[in-house]
Each structure stands twice: as C-alpha cells, then as structure tokens.
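This report describes one protein model, with the sequence and coordinates shown below.

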Amino acid sequence: MPFLRTLTFLLLCISTALACAAEQAPTPILGLVNASQTRSQDRILEFWGYHEYDGSQNYADTLKLRYYNPLNMGDWHGTLRLDAAYIAPYGPLLPAHSTGTYSADNAMVTIWGGKAGWLGNVGARVLAPLGNTGQWLAGPQVSTSFIPAGSGQNILADISPLARYMFGFNAKAPSDNSPPPLTSRLELYPTVGLNLGPSTQIRFWDENGAFYNAAGGGWFIPIDTMLTQRINKNLLFAVGGSKQVVQTYQVYNWMVYGKVALTF
C-alpha cells in the first residue's frame, strides 16, 4: 500500500535524523529550545476514569491504571509506560450481556527514549486485548518537545508533538461473532501546554489525539482539553474532556475524564 510505504519511509527518516543529531547545547529557535531529552527519574502512578458517549444512546465507562518508570541503559535514557484498563459498556444497541458491569479491556506497553543531543525520542507501543473480543496492536512512534528559552514564567509551557502508527493483527472474537477488522491507523498528538499559574496548566491534545484510518479511509479529529493542578511534588489532579469535530472515521462522540497522579 503506497500510504504505508510512504509512512514507513518517513518514520525511518525521522528516526535517522534524531539519531544523527549531535547538537549538545540547545539553541533557541523562535524563542524555544528542544527539551525532548529532559526527563525526570521519578516514578508516576496514575488512576484514570473515563465516561464516553459513542452515539445511539450507547456509553462506556472505563477505569485505567497507568504507571511510568524511567529506563536507563548506558547512554540511552527513556521511559516505560504500562496501562491496564477495565471497561463497562452499556446501551440499547449493545448485546444483552453488556449491562454496565466492568470487564478486562486492554493492556498496553509503551517504551520511548533517546540519547543526549537527539532532537526527539523514538519508541514503540504494543497493545494486548484482555477480553474475548479485540486484536493485538503494535507500532512505532516518534516525538519531540520544545519549551520556552530562559527561566522566567511563560504562558507557554511546552509544545510536544507525537506521531504513532498502529498495525492490528491476531483479531479474536467469541465463537458466534466475526472478529473485528484489522486496524491500520495513524495517531497524531499535537500537544500544547499553557501555564495558568505556578501549579496549574491547561493542555490540549495530551490524552486524546487525531486518528487517520488507513485501512478504510477517514479522519477522527477531536478538540481535547485537560486542566491539571499540582498540589505538591507528589500529587496532581486533572480533569478533561474531548469532543469530535471531524468524524469520517468512527471512534466516539464525546468523552469526559479525570485522573489522580502520584509521584514517588
């Protein structure tokens, strides 16, 4: 497929460019410096809750546990992220057994990182279905981050875009149902953070990004906003919402969510 070949070539070019970048001291560009290799060595445990409307009076509630752990291998430094989710779908068009009770949904492993002087990070994600319906997903990702130069307080906190491509395989379904079609999807997160105060931020497209469905065509583009409030160095709260504005590829109609993050 020409699109997949082009995307794979672009990802390889970006990865090569990141690996070959040897600039050690960041040089401001438009008042911004690259901060993709600035990362904390703290561990973070997050508790998430989502309420999602999928249309036709069908809803889904999701509880998710997310954990971040630093990875250090020689002069390569990165982050390991683990996710596990339980979901409770309900609505008149869902099967009779979907009564709103929670069941295992998906587990994810994501790794990304780089070396000093790289202008971004490279990594990959693998998603495993924990229930009796779903499919495995895997794919590469590239990301970077820019922050304002200088140490003063700025309205802009960061600009941190990320691109990921996920391929589906090994779909499964109950014996009386057909397995879901395999996914082939580009995910884009044009993340921007703004400072509202010393401990308060509003973040756009941090949790939910835009998708392009390469398997069948169509875009899903939401407006996603999350307000974060840091209580102290160990505790952070956040609430957010996401609403589709372009949906030629069906994902969800709207979503509200929140999290509690513990740093240690």
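## Nonpolar patch

Strand 13 (219-232) and strand 14 (235-247) each contribute at least two residues to the nonpolar patch. Strands (E, at least two residues) and helices (H or I, at least four) are DSSP runs, numbered from the N terminus. The model is predicted: local features need pLDDT of at least 70, side-chain atom pairs count only at pLDDT 80 or more, and totals for chains, interfaces and linings use all residues. Residues are numbered from 1 along each chain as its sequence is written, and side-chain values use heavy atoms, with hydrogens and water left out.

Trp219, Ile221, Ile223, Val245 and Val246 make up the patch, which covers about 390 Å². Patches consist of residues with over 30% relative accessible area and no salt bridge, with nonpolar side chains (Val, Leu, Ile, Met, Phe, Trp, Tyr) joined within 5 Å and like charges within 9 Å. A salt bridge is a side-chain nitrogen of Lys or Arg within 4 Å of a carboxyl oxygen of Asp or Glu. Accessible areas come from the Shrake-Rupley method with a 1.4 Å probe, and for residues only the protein chains shown count as cover. Strand 13 gives the most to the patch, with three residues. Ile223 is located in strand 13.

## Whole protein

Of its 264 residues, 41% are buried, where buried means under 20% relative accessible area, exposed over 50% and partly exposed in between (1.4 Å probe, protein chains only). The accessible surface is about 13,900 Å², and carbon and sulfur atoms account for 65% of it. Of the contacts between residues at least 6 apart in sequence, 55% join residues at least 24 apart; a contact means heavy atoms within 4.5 Å.

## Accessibility of selected residues

| Residue | Relative accessible area | Class |
|---|---|---|
| Tyr257 | 5% | buried |
| Tyr50 | 8% | buried |
| Asn34 | 18% | buried |
| Ile223 | 43% | partly exposed |
| Ala215 | 51% | exposed |
| Gln57 | 55% | exposed |

Asn34 belongs to strand 1 (residues 32-34). Its side chain makes a polar contact of 2.7 Å with that of Ser36 and another of 3.0 Å with that of Thr144. A polar contact is a pair of N or O atoms within 3.5 Å; within protein, one must be able to donate a hydrogen and the other to accept it, and residues adjacent in sequence count only if both atoms are side-chain atoms.

Gln57 sits in the loop between strand 2 (44-55) and strand 3 (58-73). Apart from neighbours within four places in sequence, Gln57 contacts Tyr90, Gly91 and Pro92.

Ala215 is in the loop between strand 12 (210-213) and strand 13. Residues up to four places away aside, Ala215 touches Leu182 and Ser184.

## Aromatic rings

The structure contains 14 aromatic pairs. Rings of Phe, Tyr and Trp (its six-membered ring) pair if their centres lie within 6.5 Å; planes under 30 degrees apart count as stacked, over 60 as edge-to-face and the rest as tilted. The ring centres of Tyr50 and Tyr257 are 6.0 Å apart and the planes are at 40°, so this pair is tilted. Tyr50 in strand 2 and Tyr257 in strand 15 (residues 254-263) are 207 residues apart, and the pair thus links distant parts of the chain. One aromatic cluster is formed by Tyr53, Tyr59, Tyr90 and Trp254.
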